[in-house]
Every structure is written in structure tokens, then in C-alpha cells.
Amino acid sequence: MTGWTTVAVGYLLAVAVWALLVWTVLRRRS
Amino acid sequence: MVRSWAARAGTRLGPAALGVAAVAAVLALVVAPRAAIQGEPQRLMYVHVPGAWTAFAAFACVALCSIAVLLRRPGPYDAVARAAAELGVAMTALAIAEGSLWGHSAWGVWWAWDPRLVTTALLLVSYVAYLALRSLPGDEDRVRRRAAVAGLVFSVEVPIAHFSVLWWRTLHQPPTVLRPSLSPPIAPLMLLALLVGVLAFTLAGAWYVRRRVLQLTAPTSPAAVPAAPAERAPVPPMREETGA
């Protein structure tokens with residue numbers, strides 16, 4: 001993987017984990 | 001007055017976290033300079049370190065709330081401990097994944113049997129077990145106290161994971177900011193991006209814990225309401241036998 005590809009994978013992973021946490025809270029509310 | 005201030009501050013956590021996260025992303029990906037030796041992959045530090053910090057803070061929160069539960073203090077401490085443990089598990093997994101990506105770039109391997117990596121993986125397994133322990137059936141009070149003891153025992157692993165890079169010979173670099181000498185060996189713009197990232201993760205973590213606690217303690221939550229008795233088939237009315 002090139003430098004920026006590694007960075008992109010890492011940041012997308014972080015966004016995915018946070019999106020999962022947010023979705024967990026908002027989904028259970030309804 | 002303090003409670004109303006806290007309630008108002010709590011409702012603003014989400015927008016504040018989003019705003020700070022946007023600033024942190026720009027600082028990390030655009031403003032912070034390229035690392036001289038490691039190149040672009042070093043930018044993973046701005047996610048890896050805040051993830052680890054949030055996990056450690058969440059597990060410390062579990063320990064403090066566990067003490068409150070064991071002392072039978074009134075308050076939603078059990079729910080806070082559960083929410084913080086969930087956040088801590090997610091952040092530990094993220095920190096390990098980011099570290100693996102970064103390690104592959106810097107060390108040439110995805111994983112190494114290194115003291116920091118092993119103690120962090122142990123932390124992850126321990127708190128997954130903590131959450132599993134909470135879901136075991138049993139008397140509500142006993143489950144709470146059992147979880148509190150586990151939460152307190154597992155918290156010993158947090159300083160071990162943090163100081164592992166100082167106590168043992170390790171591939172992982174020593175702490176950059178939280179080091180004994182208070183002079184971080186890092187470029188000022190890199191330090192700024194790192195600290196803003198830590199702030200963004202902390203605010204987002206606090207938002208998650210608050211929302212989750214509200215959910216767990218809501219009257220309609222299965223965790224807040226004891227299970228309803230099983231439905232029984234209606235008993236047919238007794239009638240006098242009329243005879244054939």
C-alpha cells in the first residue's frame with residue numbers, strides 16, 4: 001500500500017467504528 | 001443549577017464533537033507536516049493515539065463507577081460503567097487496527113509479540129469478557145456487583161499497557177506526550193493536530209456514554225425494567241356441569 005492509501009484505509013476505519021457506535025445508540029432509541 | 005448546566009452541556013456534546021472532529025481532520029490531513037522518516041502513514045498517529053487515550057479514559061471510568069457500585073452509591077453508575085466499557089472496547093479495537101496498519105508501514109509486519117501490543121490485546125479480551133459477564137443471567141444486584149469487581153480488577157491492566165513501553169524492551173515507541181520529561185519530541189503542528197484529535201475523540205466518547213446511559217436508564221429500556229412475567233393462557237371460566 002502506498003502512503004496515502006494506508007492513511008485513507010486508517011481514517012475510513014475510524015469513521016466506520018464511530019458510525020457504528022452512533023448507529024448503535026440512535027437505532028436502539030427508536 | 002449545576003445539574004441544569006450539566007444537562008445543557010450534555011446536549012451540546014454531539015455538535016461540539018462533530019465540529020472539533022472536522023478541525024482535527026483538517027489539521028491531521030492538511031496542516032500537519034509530512035513526517036521526515038515515516039512519510040504519510042505517520043498521519044495514522046492522529047487517530048491511533050486518540051483511540052488509545054479514549055479507551056484508557058473509558059476503562060478508568062469503568063473502574064471509578066465500579067467502586068461507586070460496590071459502595072452502593074445512588075446514581076446510574078452501573079449504566080455508566082457498561083456504556084464506558086462498550087466505548088473502551090470499540091476504541092481499543094480501533095487503536096489495535098490503526099497500530100497494525102501503521103506497524104505494517106513502519107516495521108514491515110502487521111503484528112509483533114511486543115509488550116505494548118500484547119498488553120493492549122489482553123485489555124481488549126478482558127473487557128469483552130466484562131461485557132459478556134454482564135449479560136449472564138442471575139439476580140440483578142449480584143450481576144451488578146460481579147461486574148463491578150471485574151471492572152475494578154481489569155483496570156489494573158490499563159497502567160500496565162501504558163507503561164509497558166517503559167518497563168520492557170519493546171518495538172513500540174515510548175509515549176510522545178505523556179512522558180516523564182515534559183518536553184514532547186514532536187513538531188508543534190503535529191502536537192496541535194494530535195491534541196485536537198484527542199479532544200475530538202474525548203468529546204465524542206462523552207457524547208456516546210451520555211446517550212447510552214440515557215438509553216439504559218430509560219423506563220422503556222429492557223435493562224431498566226424487570227422482565228414481565230410470562231404470559232399465561234387465559235383460564236376458562238368455571239361453569240356448572242349441565243349434564244347430558
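Reader: Before anything else, what are the axes and angles when helices pack?
Author: Axes are lines fitted to C-alpha atoms, for helices over the stretch in contact, and angles run from 0 to 180 degrees between N-to-C directions. In this predicted model, α4(B) and helix α5 of chain B, residues 115-134, pack at an angle of about 150°. Their axes are 9 Å apart.

Reader: Roughly parallel or roughly antiparallel, then?
Author: Angles over 145 degrees count as roughly antiparallel, and α4(B) and α5(B) are therefore roughly antiparallel to each other. The crossing of α4(B) and α5(B) is left-handed.

Reader: Which residues make that contact?
Author: From α4(B), B:Arg82, B:Ala85, B:Glu86, B:Gly88, B:Val89, B:Thr92, B:Ala93, B:Ala95 and B:Ile96. From α5(B), the residues include B:Leu123, B:Leu124, B:Tyr127 and B:Arg134. By class, the contact of α4(B) with α5(B) has 12 nonpolar, 3 polar and 3 charged residues.

Reader: And α4(B) with α8(B), what angle is that?
Author: α4(B) and α8(B) pack at about 135°, with their axes 9 Å apart. The two helices are therefore oblique to each other. The crossing of α4(B) and α8(B) is right-handed.

Reader: Who takes part there?
Author: On the α4(B) side, B:Ala79, B:Val80, B:Arg82, B:Ala83, B:Ala84, B:Glu86 and B:Leu87. Among the α8(B) residues are B:Gly205, B:Tyr208, B:Arg212 and B:Leu216. By class, the contact of α4(B) with α8(B) has 9 nonpolar, 2 polar and 3 charged residues.

Reader: Stepping back, how many helices and strands are in chain B?
Author: Chain B has 8 helices and 0 strands. Of the 244 residues of chain B, 39% count as buried. Among contacts in chain B with a separation of 6 or more, 76% are between residues 24 or more positions apart.

Reader: Take B:Ala97. Buried or exposed?
Author: B:Ala97 counts as buried, because it has 20 C-beta neighbours inside 10 Å. B:Ala97 lies in helix α4 of chain B.

Reader: How far is B:Ala97 from B:Arg210?
Author: In sequence, B:Ala97 and B:Arg210 are 113 residues apart. In space they are 26 Å apart, C-alpha to C-alpha.

Reader: Which residue other than glycine has a positive phi?
Author: One is B:Arg72, with phi near 55°. B:Arg72 is in the loop between α3 (45-70) and α4 of chain B.

Reader: Why is B:Arg72 classed as exposed?
Author: B:Arg72 has 10 other C-beta atoms within 10 Å, and a residue with 12 or fewer counts as exposed.

Reader: New topic. How many residues of chain B are in contact with chain A?
Author: 17 residues of chain B are in contact with 15 residues of chain A. α4 (77-106) and α8 (188-217) of chain B each supply at least two residues of the side that touches chain A. α4(B) gives the most to that side, with 6 residues. By class, the side of chain B that touches chain A has 9 nonpolar, 3 polar and 5 charged residues.

Reader: What are the scores of the model?
Author: The model scores ipTM 0.91 and pTM 0.85. The mean pLDDT of chain B is 87, and 83% of its residues reach 70 or more.

Reader: Where in chain B is the pLDDT below 50?
Author: Over residues 227-231 of chain B. Beyond near neighbours in sequence, this stretch has 0 contacts in the model. Where pLDDT is low, the predicted coordinates should not be read in detail.

Technical notes: Residues are numbered from 1 along each chain as its sequence is written. Chains are lettered from A and ligands numbered from 1 in the order in which they are written. This is a predicted model: local features need pLDDT of at least 70, side-chain atom pairs count only at pLDDT 80 or more; totals for chains, interfaces and linings use all residues. Two residues are in contact if their C-beta atoms, placed from the backbone, lie within 7 Å. Helices (H or I, at least four residues) and strands (E, at least two) are DSSP runs, numbered from the N terminus. Ala, Val, Leu, Ile, Met, Phe, Trp, Tyr, Cys and Pro count as nonpolar, Asp, Glu, Lys and Arg as charged, and the others, Gly among them, as polar. pLDDT is the predictor's confidence in each residue, from 0 to 100. Angles under 35 degrees count as roughly parallel, over 145 as roughly antiparallel, 65 to 115 as roughly perpendicular and the rest as oblique. A crossing is left-handed if the near helix is turned anticlockwise from the far one by less than a right angle, and right-handed if clockwise.
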